[in-house]
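Subject: Two-chain model, handover and findings

Hello,

Here is the model you asked for. My notes on it follow below.

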Amino acid sequence: MKQLSGILEDYLSSIDRFGELGLGERPRRVVKKNDNQHLAKALDQRLKFNKHFVVVILMFLCILFVVATSFLFFYRHDVKVFYGVFGALLLSNFGIIKWLRQLWWEMNTMDISLYVLRELPPEEAAAFISRLYWDFVRSSSRRAGKSVGG
Amino acid sequence: MRPPISQRIVKPENCVIAFGIPTCAPAFQRHLTLKRDFASNYMLLQRYSLYVISVFDKLKPALLDLGVQIQTDVTLKQFGDLFDGKFDVVILFAHWLNDQVEFDDGFADVPKIVVEIKSGFNGLLDLCVCHPRNLVAALQVERQNLLIKSLYQERATPRLWLYFYVALFTYLRDHQATYLQALEVLTVEMHRKIRRVKGSDKFT
């Protein structure tokens, strides 16, 4: 399943709003309703996938909590194991919550994009998606350590 | 009497690159406000910055170290002033649309550009502008001392050509060569590398 940045890059490429431009003349690509419908479909799929993924992560978080609590209970007299398990639990929770936060951000972005794609005229929606990608999604995915386009 | 440009040894100090396209964020924003075509095609600063401004900022020191003169935000008048004999080669980085070149002060059509280029100029105009057929044809008739290099096949993207010119000026600095010889060597080398990359892509 493609990342949000990948989905938006494909859409922007298809409407000539991604990548490098030559110095010569080029015909202006008019954004059609069909282009936006394709993107809405891709975002819908990704959104569903993310929702399921969040459930899986939350389940994993619960299992982790139960396992760690059991370990803490069984080794409650061993200070080293206690601290070790407690530290590992904190660290793994920190990682998972960071991941959840990213997913939550992605899902919100997709929700907004879907609303815009369905409610605004194609050109205006495309302008919004371009700005959203270049101002937020690209910088956010770069911060998350993924290389995007270009 | 100076030999013709086709036989003259050219060094980077005798060359100037004139940018009609914006090379910094404020210039891009200004072009956007003025609804200039090239900036409007890019629409967003982040996109333009990634493909043009950041590349220019990265390569500018190398070009200056080589001794090349760089003129940014060039207007039609300033472009014309570059043909006063101080330089052997004038390279123009600009956007071309409907038989017009977009300078910092807007589009200029072929007759206006021809008028600005002094008839006595005995050098080379390197047009890093896509498909400027009518400009080349007009200059060949009106300015017979002028040698013109232009692009017809390749899509001129600023990033590709900026790197190309760094290589070209490095070659000119290190060799006793005419501009045309350097162009030929570098173009052959570039095509060889592109073929090699494309060839290796087939197997990966």
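Two strands count as paired if DSSP finds at least two bridges between them. Helices (H or I, at least four residues) and strands (E, at least two) are DSSP runs, numbered from the N terminus. With that in place, Glu102(B) stands opposite Phe107(B) in β6(B).

Some ground rules. This is a predicted model: local features need pLDDT of at least 70, side-chain atom pairs count only at pLDDT 80 or more, and totals for chains, interfaces and linings use all residues. Residues are numbered from 1 along each chain as its sequence is written, while chains are lettered from A and ligands numbered from 1 in the order in which they are written.

**Chain A**

Chain A has 4 helices and 0 strands. From the N terminus, its elements run α-α-α-α. Its radius of gyration is 21 Å, whereas a compact globule of 150 residues would come near 15 Å. That radius is taken over C-alpha atoms, and the globule rule is 2.2 Å times the number of residues to the power 0.38. Along the principal axes, the C-alpha atoms of chain A fill a box of roughly 75 × 30 × 20 Å.

Burial goes by C-beta atoms placed from the backbone: a residue is buried if 20 or more others lie within 10 Å of its own, exposed if 12 or fewer, and partly exposed in between. Of the 150 residues in chain A, 17% are buried. Two residues are in contact if their C-beta atoms, placed from the backbone, lie within 7 Å. Among chain A contacts between residues at least 6 apart in sequence, 69% join residues at least 24 apart.

**Chain B**

Chain B has 8 helices and 8 strands. Its radius of gyration is 17 Å, close to the 17 Å from the globule rule for 204 residues, so chain B is as compact as a globular protein of that length. Its C-alpha trace spans about 50 × 45 × 30 Å along the principal axes. Buried residues account for 35% of the 204 in chain B. Among its contacts between residues at least 6 apart in sequence, 74% join residues at least 24 apart.

**Strands of chain B**

How much of β1(B) is buried? In this strand (residues 15-19), 5 of the 5 residues are, so β1(B) is largely enclosed by the rest of the structure. Cys15(B), Ile17(B) and Phe19(B) cover one side, with Val16(B) and Ala18(B) on the other. β1(B) pairs in the parallel sense with β3(B) (residues 89-93) over 5 bridges. There, Ala18(B) has Leu92(B) as its bridge partner. A further 3 bridges join β1(B) to β2(B), also parallel.

An open sheet of 3 strands has the order β4-β5-β6 in chain B, with antiparallel pairing. Its edge strands are β4 (95-97) and β6 (106-109), each pairing on one side only. The twist averages 35° from one strand to the next. Between β5(B) (residues 100-103) and β6(B) there are 4 bridges.

**A helix pair in chain B**

Helix α3 (residues 45-66) and helix α7 (residues 158-174) of chain B pack at about 5°, with axes 9 Å apart. Axes are lines fitted to C-alpha atoms, for helices over the stretch in contact, and angles run from 0 to 180 degrees between N-to-C directions. α3(B) and α7(B) are therefore roughly parallel (under 35 degrees; over 145 is roughly antiparallel, 65 to 115 roughly perpendicular, the rest oblique). Contact residues include Tyr51(B), Phe56(B) and Leu63(B) of α3(B), and Leu162(B), Tyr163(B) and Phe169(B) of α7(B). The contact divides into 13 nonpolar, 1 polar and 2 charged residues. Ala, Val, Leu, Ile, Met, Phe, Trp, Tyr, Cys and Pro count as nonpolar, Asp, Glu, Lys and Arg as charged, and the others, Gly among them, as polar. Tyr163(B) is partly exposed, with 15 C-beta neighbours inside 10 Å.

**Interface**

The contact between the chains takes 12 residues from chain A and 22 from chain B. The chain A side divides into 3 nonpolar, 4 polar and 5 charged.

**Backbone flags**

Most residues other than glycine have a negative phi. Asp16(A) has a positive phi near 65°. Asp16(A) is in the loop between α1 (4-14) and α2 (33-74) of chain A. Asp73(B) also has a positive phi, about 50°. Asp73(B) lies in the loop between β2 (69-71) and α4 (76-81) of chain B.

Best wishes
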